[in-house]
Amino acid sequence: MSNIDYSDKIPNNVNLSNDRTLQRALEHWQPRFLDWWREMGPNDFASVDVYLRTAVGVDAQGWAHYGTVKMPDYRWGIFLADPIANRTIGFGDSFGQPVWQQVPGEFRSQFRRLIVTQGDTEPASVEQQHRLGHTCPSLYDLRNLFQINVEEGRHLWAMVYILHAYFGRDGREEAEELLARHSGDVDKPRILGTFNEPIEDWLSFFCFCYFTDRDGKFQLKSLAESSFDPLARTCRFMLTEEAHHMFVGETGLGRIVRRTLEVMKEIGSDDPEAIRRRGAVDLPLLQRYLNYWFSSSLDLFGSEVSSNAATTFASGIKGRPDETTQYQDHVCADSTFESDVPDGRGGVTKDTSPMRNAMNEVLRDAYIKDCEIGLKRWNMQIKRSGHNFELKLPSNRFRRAIGAWANIPTDLEGRPIGREEYERRMPGWLPSASDRGYVNSLMQRVVEPGKMAAWIAPPDRGINNLPVDYEYVRVN
Ligand code: BYC
């Protein structure tokens with residue numbers, strides 16, 4: 001089962017050639033996907049050779065095969081992790097029963113909704129990053145951008161396979177719609193807020209990979225627990241690819257911090273203006289970008305109290321990340337969850353809800369802890385350089401658009417404040433027009449092998465044991 005059949009028009013490890021109807025349906029969708037890629041993907045780089053990783057098998061040995069490819073020739077396909085023998089349902093009302101190989105009729109619309117939402121984010125991110133290749137800080141980074149883009153394209157394939165194989169005509173229609181909605185489109189936007197935010201510079205790109213791809217990790221881990229086994233298996237394999245996207249975010253931001261600290265040492269000052277004169281990213285500016293992308297990504301978990309979340313947990317559709325190892329109670333029929341909510345009079349009060357309804361918040365809490373890891377590492381770098389600046393995640397109440405704190409003005413610590421004060425202090429909290437103008441001025445393309453833009457330090461090592469100055473993308 002592990003090996004992927006690359007002789008098929010659509011590479012796969014699901015014996016696609018045994019199901020002619022499904023194969024034909026997917027072969028019908030394939031040229032539409034390629035049209036979308038040509039129009040909305042990194043199309044100005046269609047003819048360049050890129051050093052990319054392609055999966056040849058789904059086991060530890062097979063999934064990372066490296067070679068030079070032109071992106072439109074990348075072999076997008078359908079790869080499911082191997083089945084786990086005798087797998088049983090790990091949570092909810094049907095705990096302990098055998099997992100499902102088909103979608104139970106009564107849960108069809110909930111499954112479809114989640115799969116479409118997941119699928120929608122994948123092409124959205126490619127659209128958001130559409131023009132970044134023109135301002136890459138190095139060939140190493142350009143290659144990482146393209147690796148992420150092709151893998152997001154493959155993740156779209158992963159969801160489209162499930163829609164086609166298990167949801168009949170509805171699924172085929174949804175697969176068409178996944179190519180018809182576009183990031184930021186006024187008439188047909190992407191489903192979730194963050195995926196309509198423009199990503200016009202590499203600082204935003206690294207923040208997106210750090211914060212938004214990490215939501216991907218948590219959502220995929222939850223879906224990898226699903227009782228619908230084909231969905232669980234496809235998400236398990238997607239997670240192997242997702243790890244690289246977060247690595248790009250974490251090391252990208254870490255390299256920016258390192259470069260800034262070098263400049264601060266050279267000039268003997270932490271004055272933002274002096275740092276900007278040397279073409280680096282001052283730490284308060286970085287903090288404002290972190291505030292922006294973190295608060296936007298928090299909304300991706302949905303409302304704190306959600307009847308959707310309760311239903312999907314109870315019915316075994318969507319679990320919690322690492323359900324088996326991280327939790328004792330897998331049914332959560334009687335437990336409760338306490339959270340802080342606005343009291344409607346400018347203050348905060350406690351609210352207790354059934355645990356099942358609070359599953360979005362359980363996930364968001366775990367996500368926030370995971371986000372803190374990188375900040376600890378960067379703060380260590382800053383401290384070791386003798387500076388007392390500390391990067392911080394804002395409160396989970398700050399600048400929320402979804403849930404109990406939606407449109408409630410708070411400061412970065414989550415204290416409710418008046419609207420007027422909120423508006424007045426906002427330029428210190430989020431990137432201002434002049435911050436964005438400055439960051440844009442840094443975005444000059446660097447394509448000499450091994451050379452880095454002045455605002456980012458080189459990576460510690462290259463890709464797949466190659467040197468950093470390897471020509472990862474042949475742009476000429
Ligand atoms: N923006 O009960 P509620 C990734 C909607 S990232 C706009 O609060 P629920 C990736 C919600 O859809 C992972 N709308 O929440 C990363 C619902 O609408 P409908 C993506 C929002 O349903 C980087 C309504 O509000 N995967 O893979 O419990 C690059 C009420 O919902 C937002 C998933 O999200 C928002 N931020 O949970 C590439 C997994 N938040 O349906 C890829 C699948 C909520 O009533 N999705 N709404 O019209 C889910 O599990 C759930 O849909 C959510 C929301 C967690 C998103």
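A polar contact, as I use the term, is a pair of N or O atoms within 3.5 Å; within protein, one must be able to donate a hydrogen and the other to accept it, and residues adjacent in sequence count only if both atoms are side-chain atoms. This is a predicted model, in which local features need pLDDT of at least 70 and side-chain atom pairs count only at pLDDT 80 or more, while totals for chains, interfaces and linings use all residues. Residues are numbered from 1 along each chain as its sequence is written, and side-chain values use heavy atoms, with hydrogens and water left out.

Let me begin with the contacts. Asn308 places a polar side-chain atom 2.9 Å from an oxygen atom of the ligand. For Lys318, a polar side-chain atom is 2.6 Å from a ligand oxygen atom. Asn360 has a side-chain N or O atom 2.9 Å from an oxygen atom of the ligand. The ligand taken alone exposes 1000 Å², of which the protein buries 81%; these areas come from the Shrake-Rupley method with a 1.4 Å probe.

Finally, the overall form. The protein has 13 helices and five strands. Its radius of gyration, over C-alpha atoms, is 23 Å; the globule rule, 2.2 Å times the number of residues to the power 0.38, also gives 23 Å for 476 residues, so the protein is as compact as a globular protein of that length.

Terms used: Helix = DSSP H or I, 4+ residues; strand = E, 2+ residues; numbered from the N terminus.
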